[in-house]
Amino acid sequence: MMTTEPSNAAGPLISIVTVVKDAEATIGRTLRSVAAVKAPDIEYIVVDGLSTDGTLGVVRTFGSVVDQLISERDSGIYDAMNKGAAAASGRFILFINGDDELVPDGFSQARLALATATEDVVSCVSEIAVDGQFAGYLRPRPVRLPFFNSMPHPSTFVRTRVMKDFRFREDLRIASDYDLFLRLLIARKRFRTIDVVTAIHHRGGGVSADRALSRREIDIVKRDRLGWAYPVVIAAHGLYRIAKRIVRPRQEPA
């Protein structure tokens, strides 16, 4: 059966946004992966927070790949992400970190699906890499959002008009993407999941690795968004974790 490439007759299909600051060592990996999928119906926006290293120099070597470069002071990562969303003109928007990368084959499959998608959120799978080594997968589970962050943002496409309406809250340092997805679920926006790997998420240092802060912020989001259901969700999640420890078979030493 013949497949048709998405058309850009009505503007870009996808706006890819990378928010970056002082990532000279890793931004090249991200830019190369975007270059591998770049097409007339894909817009690429880089939002730089006034890097003081060689980040901008690396970005400028990929001049034809980058459609918009915004370099100015911001109040944090989510302020910068909101700037990227405001500048986006594609039907869907994807945020890819300045140390992560796209997977061309999976991305191409997602791109074809997005061309006819009617949903507000289309989420695919992210591969996890730790110190460059494969460490598992993050698969989207929208139904689990009241309990924890079950959406891999490097492989989740959000309809741009929805993203512009909801925006990221800027008082959080780590969990604003979780807040966004939970709000979209509560607002009954339509989610679709596709079991294909479209991104590799490289885990390392930085504020996103602060687990204690992440737990605190996720709890803040739950309190703010779940209302009367908050204690019910907390109790149910606690029981689930206890049951999981009891049911899970103990692994014998090799």
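**Salt bridges, buried sites and overall shape**

D195 is exposed, at a relative accessible area of 64%; here, exposed stands for over 50%, buried for under 20% and partly exposed for anything in between, with a 1.4 Å probe and protein chains only. The model is a predicted one, in which local features need pLDDT of at least 70 and side-chain atom pairs count only at pLDDT 80 or more, while totals for chains, interfaces and linings use all residues. Residues are numbered from 1 along each chain as its sequence is written, and side-chain values use heavy atoms, with hydrogens and water left out.

The partner of D195 is R139: their side chains form a salt bridge with an N to O distance of 3.1 Å (salt bridge: a side-chain nitrogen of Lys or Arg within 4 Å of a carboxyl oxygen of Asp or Glu). D195 sits in strand β9 (residues 191–203) and R139 in the loop between β7 (133–138) and β8 (156–159), so the bridge ties together parts that are 56 residues apart in sequence. Helices (H or I, at least four residues) and strands (E, at least two) are DSSP runs, numbered from the N terminus. R139 itself is partly exposed, with a relative accessible area of 36%.

In total, the structure holds 13 salt bridges. Another one joins the side chains of E72 and K83, with 2.9 Å from N to O. This pair links distant parts of the chain, 11 residues apart: E72 is in the loop between β3 (68–71) and α3 (77–87), and K83 is in helix α3. E72 counts as partly exposed, at 37% relative accessibility. There is also a bridge between the side chains of E170 and R167, at 3.5 Å from N to O. E170 is partly exposed at 37% relative accessibility, and R167 is partly exposed with a value of 37%.

Beyond these pairs, a network of salt bridges links R169, D171, D179, R183, D224 and R225. Leaving aside residues up to four places away in sequence, R183 touches F166, R167, F168, R169 and R225, where contact means heavy atoms within 4.5 Å.

S33, in helix α1 (residues 27–37), is also a buried site, with 6% relative accessibility. The side chain of S33 reaches the backbone oxygen of T30 at 2.8 Å. Further along the chain, S33 touches E101 and L102, again not counting residues up to four places away in sequence.

Next comes I128, a residue of strand β6 (residues 121–130) that is buried at 7% relative accessible area. With the sequence neighbours up to four places away set aside, I128 touches Q133, F134, A135, G136, Y137, L138, H201 and R203. V232 is another matter: I128 and V232 are 104 residues apart in sequence, and their C-alpha atoms are 31 Å apart in space.

I242 belongs to helix α8 (residues 230–247) and counts as partly exposed, at 42% relative accessibility.

As for the whole chain, the fold comes to 8 helices and 9 strands. The radius of gyration is 19 Å, close to the 18 Å from the globule rule for 254 residues, so the chain is as compact as a globular protein of that length; the radius is taken over C-alpha atoms, and the rule is 2.2 Å times the number of residues to the power 0.38. The C-alpha trace spans about 55 × 50 × 45 Å along its principal axes. Of the 254 residues, 49% are buried. Among contacts between residues at least 6 apart in sequence, 77% join residues at least 24 apart. The accessible surface is about 13300 Å², and 53% of that belongs to carbon and sulfur atoms (Shrake-Rupley method, 1.4 Å probe; for residues, only the protein chains shown count as cover).

Definitions and conventions:
Polar contact = N/O pair within 3.5 Å; in protein donor to acceptor, adjacent residues only side chain to side chain.
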